[in-house]
Amino acid sequence: MELNLFIRSIFIDNMVFAFFFGMCSYIAVSKSVKTALGLGAAVTFVQVMTVPLNYLIYTYLLKPGALAWCGYENVDLSFLTFIVFIATIAAFVQLVEMIVEKFSPTLYSQLGIFLPLIAVNCAIMGGSLFMQQKVDAAEMTTVWQSIIYGLGSGLGWWLAIVMMAAIREKTNYSHIPAALKGPGIAFIITGLMGIAFMIFSGIQL
């Protein structure tokens, strides 16, 4: 179960190539492998921390009947899901930003505005919302599974941006029509990579 969830979150349900989430920072920061590695690591860390935390919050506080443990089984706080998930993500992004600024000022300056923008990166929010769907469908029943899913979805986004950065570094030496330089060729490459990643949908574990 856990292995299946992990493989699917990286290759089959890849945040970029399956759902095209987090495209703003994916396109903007994928000009250099070094920068892409740094942002990918930050996104993965935030996913690993926020998906399990949001799983616990949703399971024991927000979903219908979650408060049965304290005698309020008829209370439904699921309408607070979005704002609570966003607050959790924003808090951890602030933590990541302070850590990166402290220990790697060069990477901090290279990432610029895109580091704090992880808070509104839809790939991060998508991880928590897909987790919520899996909990409601009884496909995710333990916090360990939420950790596996958070790690897999983060690594999937990291893999996508590093692959794109490596290709874009090579395109600097290629003859690309002027009209397609920059984001144009990046979107074309992303589309082709998304098609390539469709081969993983046939994996059966």
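User: Which residues is Ala 36 in contact with, leaving aside its neighbours within four places in sequence, and what makes a pair a contact?
Analyst: Ala 36 is in contact with Val 29, Trp 158, Ile 161, Val 162 and Ala 165, its neighbours within four places in sequence being left aside. A contact means heavy atoms within 4.5 Å. The model is predicted, so local features need pLDDT of at least 70 and side-chain atom pairs count only at pLDDT 80 or more, while totals for chains, interfaces and linings use all residues. Residues are numbered from 1 along each chain as its sequence is written, and side-chain values use heavy atoms, with hydrogens and water left out.

User: Why is Ala 36 called buried?
Analyst: Its relative accessibility is 0%. Buried means under 20% relative accessible area, exposed over 50% and partly exposed in between, with a 1.4 Å probe and protein chains only; Ala 36 therefore counts as buried. The residue sits in helix H3, where helices (H or I, at least four residues) and strands (E, at least two) are DSSP runs numbered from the N terminus. Ala 36 and Met 15 are 21 residues apart in sequence and 16 Å apart in space, C-alpha to C-alpha.

User: Why is Val 84 not put in the buried class?
Analyst: Val 84 has 22% relative accessibility, and so counts as partly exposed. This residue of helix H4 touches Asn 54, Ile 57 and Leu 62, residues up to four places away in sequence not being counted.

User: How do you know that the length of helix H4 agrees with its residue count?
Analyst: The expected span of a helix is 1.5 Å times one less than its number of residues. For the 23 residues of H4 (residues 81-103) this should give 33 Å, and the end C-alpha atoms are 33 Å apart, so the two agree.

User: What do the buried residues of H4 pack against?
Analyst: They pack against helix H3 (33-62), helix H5 (105-111) and helix H6 (122-136). Among the buried residues of H4 are Thr 81, Phe 85, Phe 92 and Glu 97.

User: What makes a set of residues a nonpolar core, and which residues have the most contacts inside the largest one?
Analyst: A nonpolar core is a set of buried Ala, Val, Leu, Ile, Met, Phe, Trp, Tyr and Cys residues joined through side-chain atoms within 4.5 Å. The largest has 47 residues, and those with the most contacts inside it are Tyr 26, Leu 39, Ile 118, Trp 157 and Ile 161. H3 gives the largest share of this core, ten residues. In soluble globular proteins, nonpolar side chains tend to be buried together. Trp 157 touches residues including Phe 21, Tyr 26, Leu 39 and Val 43, not counting those up to four places away in sequence.

User: What makes an open space a pocket, and what volume has the largest one?
Analyst: On a 1 Å grid over the protein atoms alone, a cavity is a set of points where a 1.4 Å probe fits but cannot get out, whereas a pocket is an open set with protein on both sides within 12 Å along at least five of seven lines; lining residues have an atom within 4 Å of a point. Grid points are joined across faces, edges and corners, and a volume is the space filled by probe spheres set on the points. The largest pocket has a volume of about 160 Å³. Its lining includes Lys 31, Arg 168, Glu 169 and Ile 185, and helix H7 (residues 143-171) gives the most to it, with three residues.
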